[in-house]
Amino acid sequence: MSERLKIRTPKSPNSSKLPRIMARKSSLLKQTLIFSACTILIIYAFFNTFLSSSTAAATTGISATTSSLFAEQISRENLLEFPEKATENEKKVRVFMYDLPKKFTTGTIENHALARGSSDLSKVSYPGHQHMGEWYMYLDLSRPDLDRVGSPVVKVNDPEEADLFYVPVFSSLSLIVNPARAGTVPGSDPVYSDEKMQEELVEWLEEQEYWRRNNGRDHVVFAGDPNALYRVLDRVKNAVLLLSDFGRVRSDQGSLIKDVIVPYSHRINVYNGDIGVEERKTLLFFMGNRYRKDGGKIRDLLFQMLEKEEDVVIRHGTQSRENRRTATRGMHTSKFCLNPAGDTPSACRLFDSIVSLCVPLIVSDSIELPFEDVIDYRKIAIFVDTESSLKPGYLVRMLRAVSTEKILEYQKQMREVKRYFVYSDSNGTVNEIWREVAQKLPLIQLMINRDKRLVKKDSTEPDCSCLCTNQSAHITSL
């Protein structure tokens, strides 16, 4: 067994070369893999760079396109703005003023002067009185456009372009042309007839194409005096009436919806001093006609109650130059000014009080006031109902209880709105009247279209544009 032969596996002739071959193959494989990886990386880098550039370019293009469109839109908006600014007047209500026959306008002024003995008509002018707003409205539309900057309406010379038509009749002045009404002075023959003027005016209007077209609904007529156009009011009631109140106007003739309440023209000087009470020694001031009709009968009762009160000045006085001077001094030196009703609910004294910064004490249950869409009268006036005002001692006790601070606040607010009651102010009463008239245009157009389509009308029912005005008594505002 020890001598067992040892058998060896013989070696192959290539067995010594195999490791070297395997090493070479492995090296070649590595090189191939490395090359492939590099190739892939190069291709990836190439495409990534290309695609990124394309995407960026595309994004930039989209952004540029969007910006361009946005810029174009802005540009278009800007281009649209300039014509709007350049044609601002096109947005305003367009008003055509009739060239009335002279007898309805400046001829009335001449007749007024002739009735008072004037022989030189070249020097006559519209006389000052409390209803001279009609003169300022006429004057406004007679001025060139450059002098009407800021007006809410634009004047047009072609009636075909007009939204509204202004009838510049001097209806209030016509009432007082004669120094005395017919029949009131024995042996005096009137040189002028207001009633005849009214009839002739309506006859002239009814011949006009533009009046007939819409039955006068798009026309504006100033009738400031409560008796102005009284004889023909039913024939012009479709128009926008410029009224001082509704005291002598029926509910089917006028309303707050259709018409515009306008202020009286103040008859005393505007107070231009500072607010304060140091120079206002009088508690309550009134100067005017003691005896009036209708609602104005309260004046005599208030006279009886107040004329003996301390720090109260209450005087009877009619319109005259000297009385106006006295009233000016009185209002400028008083804390409160009494404003009772006249023959109708309103009176010019209210507007005299406001421009004097004398706090109005209003005793008038049915008064309507101008520009109430922008003025809160509780901030500038005290309202007392008629019944309360006649209680002995009521008014004086109430006014003495008002603090100095409260009076100063009233004065401050009056100073803020004073321009609304000054017809001669270029941004005053006239512009505010036109602003309110312009606001009526949508209703006017509604009523015109409604009239055209109605097939049956009940004349016994009030027109829907004539709504009731003040139907309730005031309560005391303090």
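Biologist: In what order do the five strands of the open sheet run, and is the pairing parallel or antiparallel?
Modeller: The order is E8-E7-E9-E10-E11, and the pairing is parallel. Strands are DSSP runs of E, at least two residues, and helices are runs of H or I, at least four, numbered from the N terminus. Two strands pair if DSSP finds at least two bridges between them. Bear in mind that this is a predicted model: local features need pLDDT of at least 70, side-chain atom pairs count only at pLDDT 80 or more, and totals for chains, interfaces and linings use all residues. Residues are numbered from 1 along each chain as its sequence is written, and side-chain values use heavy atoms, without hydrogens and water.

Biologist: Which are the edge strands?
Modeller: Strand E8 (312-316) and strand E11 (382-383). Each pairs on one side only.

Biologist: How many bridges join E7 to E8?
Modeller: Five, with E7 covering residues 282-288. Leu284 has Val312 of E8 as its bridge partner.

Biologist: Which strands does helix H9 touch?
Modeller: H9 (residues 321-332) packs on the sheet and touches E7, E8 and strand E9 (334-340). Contact here means heavy atoms within 4.5 Å. The direction of H9 makes about 160 degrees with that of E7. Axes are lines fitted to C-alpha atoms, for helices over the stretch in contact, and angles run from 0 to 180 degrees between N-to-C directions.

Biologist: And where does H13 lie?
Modeller: Helix H13 (residues 404-417) lies across E9, strand E10 (359-363) and E11. H13 runs at about 95 degrees to E10.

Biologist: New topic. Which cysteines does the disulfide join?
Modeller: Cys337 and Cys358, S to S 2.1 Å. The cut-off for a disulfide is a pair of cysteine sulfur atoms within 2.5 Å. The structure holds one.

Biologist: What is its hand?
Modeller: The link of Cys337 and Cys358 is right-handed, with 105 degrees about the S-S bond.

Biologist: Where do the two cysteines sit in the chain?
Modeller: Cys337 is in strand E9, and Cys358 is in the loop between helix H10 (349-355) and E10. They are 21 residues apart.

Biologist: Is Cys337 buried or exposed?
Modeller: Cys337 is buried, at 0% relative accessible area. Cys358 is buried too, at 0%. Buried means under 20% relative accessible area, exposed over 50%, partly exposed in between (1.4 Å probe, protein chains only).

Biologist: What about Cys348?
Modeller: Cys348 counts as buried, at 4%.

Biologist: Last one. How many residues of H14 are buried?
Modeller: Ten of the eleven residues in H14 (429-439). Among them are Ile433, Trp434 and Arg435.
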